[in-house]
Amino acid sequence: MAIPFDRHFDAPFETDVALTPLIHRVLARNPGPFTFKGTGVYMIGDRDVAIIDPGPDTPEHVEALKRALAGKTVRHILVTHTHTDHSPAAKPLKEWSGAKTYAFGPHGSGKADEGVKIEEGGDRDFVPDVFVRDGDVIEGPGYTFECVFTPGHTSNHMCFALKEEKALFTGDHVMGWSTTVVAPPDGDMAAYMASLRKLLPRDDAVLWPTHGGPVRDPKPFLQAYIDHRLAREAQIVASLRDGIETIPAIVARLYADVDKRLHPAAARSVLAHLIQMMGDGRVVEDPRNGIAHYRLTA
Ligand SMILES: [Zn+2]
């Protein structure tokens, strides 16, 4: 089954929009090939609120957040992960509100080794006040979150489940408009697949991704998301079998109908699949003329 994407998303920039009695959103003015219409900053609660992913640190956006939060008390600043479209505004928001920040850890902190030193798009300045782990509960007046650790898109990616609405804030782990980028070294396909499967048995009624609109029927969507990755992997295996053994050649074959601006990201995704298969012993790397070639072991 094709992933049932919904790209009908329309919201005014930098404006407070009520989505449910408990959930408001401000859409940052940072649309792009990876952010879709922009970063959706969620504000949960009535007078006391938790913010999920404050977004980019631009004057216009920070002013819009302050406007939306006027007369409210910010109790918690939750961060799903440390990409520059998600976490940087945590700093000015924290200074302004005095609220603590909550996340798994700084960029690269979910990696077993020293962390990831060189990567585009990582916010290296963010360090949470409170390091949260899978199953941790964050409570405020009128809202209760459970932390759901979902590494893969980044090694420190955390989803937050809002008990009162059976709603899961999925950051970039699951998005309703597109698949997510899994880019090594910090992105990890094996971890990502495990984190997708982890959501299947949950009973979330709705997913609220950072980019785009909600996913209102999570289970079939998640299954299609998983199947899509398995199909990509099968296509890569078929390419290797056909003697297409370099990443640029595989991307040219598999992503012929995809926006060229996304091809570098697609190359990282193909690399992520190859790393996973090398980890399983299904593929080996075979450098030839200074270019990485890959081949199947069986
Ligand atoms: Zn991200």
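Two strands count as paired if DSSP finds at least two bridges between them. Helices (H or I, at least four residues) and strands (E, at least two) are DSSP runs, numbered from the N terminus.

## The model

This is a predicted model: local features need pLDDT of at least 70, side-chain atom pairs count only at pLDDT 80 or more, and totals for chains, interfaces and linings use all residues. Residues are numbered from 1 along each chain as its sequence is written, and side-chain values use heavy atoms, with hydrogens and water left out.

## Strand E11 and its partners

Strand E10 (residues 158-162) and strand E11 (residues 167-171) run antiparallel, joined by 3 bridges. Phenylalanine 160 stands opposite phenylalanine 169 in E11. Alanine 161 has leucine 168 of E11 as its bridge partner. E10 and E11 form a hairpin, with 4 residues between them. In the turn, lysine 166 has a positive phi of about 45 degrees.

E11 also pairs with E12, this time in the parallel sense, over 4 bridges. Here phenylalanine 169 has tryptophan 208 of E12 as its bridge partner. How many residues of E11 are buried? The count is 5 of the 5, so E11 is largely enclosed by the rest of the structure. Buried means under 20% relative accessible area, exposed means over 50%, and partly exposed lies in between (1.4 Å probe, protein chains only). Both faces of E11 are covered. Ala167, Phe169 and Gly171 are buried on one side, Leu168 and Thr170 on the other.

E6 and E7 run parallel, joined by 2 bridges. Tyrosine 102 stands opposite valine 130 in E7.

Helix H2 spans residues 90-97, and its residues Ala90, Pro92 and Leu93 are buried. Their cover includes strand E4 (48-52), helix H1 (59-69), strand E5 (73-78) and strand E6 (100-103). Just after H2, glycine 98 takes a positive phi of about 80 degrees.

## Helix H4 against H5

Two packed helices are described by the angle between their axes and the distance between the axes. Helix H4 (residues 218-241) packs with helix H5 (residues 247-254) at an angle of about 120 degrees, and their axes are 10 Å apart. H4 and H5 are therefore oblique to each other. The cut-offs are under 35 degrees for roughly parallel, over 145 for roughly antiparallel, 65 to 115 for roughly perpendicular, and oblique for the rest. From H4, the contact (heavy atoms within 4.5 Å) uses Arg232, Gln235, Ile236, Ala238, Ser239 and Leu240. From H5, it uses Ile250, Arg253 and Leu254. By class, this contact has 5 nonpolar, 2 polar and 2 charged residues. Ala, Val, Leu, Ile, Met, Phe, Trp, Tyr, Cys and Pro count as nonpolar, Asp, Glu, Lys and Arg as charged, and the others, Gly among them, as polar.

Serine 239 lies in helix H4. At 0% relative accessibility, serine 239 counts as buried. Serine 239 touches Ile244, Ile250, Arg253 and Leu254, not counting residues up to four places away in sequence. The C-alpha atoms of serine 239 and isoleucine 250 are separated by 6.6 Å, with the two residues 11 apart along the chain.

## Helix H4 against H6

H4 also packs with helix H6 (residues 263-279), at an angle of about 80 degrees and with their axes 10 Å apart. That makes H4 roughly perpendicular to H6. H4 brings Arg229, Arg232, Glu233, Ile236, Val237 and Leu240. They meet Ser269, Val270, His273, Leu274, Gln276 and Met277 in H6. By class, the contact of H4 with H6 has 6 nonpolar, 3 polar and 3 charged residues.

How values were computed. Axes are lines fitted to C-alpha atoms, for helices over the stretch in contact, and angles run from 0 to 180 degrees between N-to-C directions.
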